[in-house]
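Open the model in a viewer with the sequence panel beside it. The stops below say what to select and what is there.

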Amino acid sequence: MNLRQLLHPDWLLDCTLAELPLQQLLERQIAALVLDVDLTLLPWRQSTVPQSCRRWLEEAQRQLPIHLLSNNPSRQRIGAVAADLGLPFTTSAGKPRRAALRRVLEQLQLPHRQVALIGDRLFTDVIAGNRLGLYTVLVKPIDPLGQPCRHDRLQRLELRLAHWLGSSVG
């Protein structure tokens, strides 16, 4: 897989996780979710999941197994969020490296194409998922009110870099 393919999510959304149409994932035969935490599920440096994300997660949990996968090294913070949501979690994942994600996939025991990795970062979440053949979804980073971050410069920079590198996503 070349860099252009690695940088191309299967689904690019102009909304946050809370607005992601869950039914469309189910129609695509997705059988499990791996979710990034910081700025996908939680606003920056916060430990409270916005209500809109909480409602989305409750609906998703009724239909699919979910695992939280974070590059954040804080087992205390990520673990507290995971415990509150009743979800398994992995910290210090090292995305886009594949080792931690492979361990999650071993636990799920599903074909990789039936697992969606949902995140807000092209150069960590999308690349990690694409390297293992997962269905990758890029969402907008979330703010404390559960809305898309208006000033997320990093995602915009990543999309511009991807375009410069030849990916059609940018």
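This is a predicted model: local features need pLDDT of at least 70, side-chain atom pairs count only at pLDDT 80 or more; totals for chains, interfaces and linings use all residues.

Residues are numbered from 1 along each chain as its sequence is written, and side-chain values use heavy atoms, with hydrogens and water left out.

**Stop 1: strand E3**

Select residues 66-69, which form strand E3. Ile66 and Leu68 point one way, His67 and Leu69 point the other way, and all are buried (under 20% relative accessible area; exposed is over 50% and partly exposed lies in between, with a 1.4 Å probe and protein chains only). In a regular strand the side chains alternate between the two faces of the sheet.

Leu35 stands opposite Leu68. On the other pairing of E3, strand E4 (residues 89-90) is also parallel, over two bridges, and there Leu68 stands opposite Phe89. The chain passes from E3 through helix H4 (residues 75-85) to E4 in a right-handed β-α-β crossover, meaning that, with the strands pointing away from the viewer, the path from the first strand over the helix to the second runs clockwise. E2, helix H3 (residues 51-63) and E3 also make a right-handed β-α-β unit.

**Stop 2: helix H4**

Now select H4. Its buried residues are Arg77, Ile78, Gly79, Val81, Ala82 and Leu85, and they pack against H3, E3 and E4 (contact means heavy atoms within 4.5 Å). After the helix comes Gly86, with a positive phi near 70°.

**Stop 3: salt bridges**

There are eight salt bridges in the structure, each a side-chain nitrogen of Lys or Arg within 4 Å of a carboxyl oxygen of Asp or Glu. Show Arg113 and Asp10, whose closest N and O atoms are 3.1 Å apart. Arg113 sits in the loop between helix H5 (99-108) and strand E5 (115-119), and Asp10 in the loop between helix H1 (3-6) and strand E1 (11-12), 103 residues apart.

Next, show Asp84 and Arg54, which meet at 2.5 Å, N to O. Asp84 belongs to H4 and Arg54 to H3, so the pair ties together parts 30 residues apart in sequence. Asp84 is partly exposed because its relative accessibility is 47%, whereas Arg54, at 18%, is buried.

**Stop 4: helix H7 and its end**

Select Leu3, Leu154, Leu157, Leu161, Trp164 and Leu165, which make a nonpolar surface patch of about 580 Å². Patch residues have over 30% relative accessible area and no salt bridge; nonpolar side chains (Val, Leu, Ile, Met, Phe, Trp, Tyr) are joined within 5 Å, like charges within 9 Å. Areas come from the Shrake-Rupley method with a 1.4 Å probe, and for residues only the protein chains shown count as cover. Helix H7 (residues 153-164) gives the most to the patch, with four residues.

Finish at Ser167, in the segment after H7. Ser167 is buried, at 3% relative accessibility. Leaving out residues up to four places away in sequence, Ser167 touches Arg4, Leu7, His8 and Ala162.

How values were computed
Two strands pair if DSSP finds at least two bridges between them.
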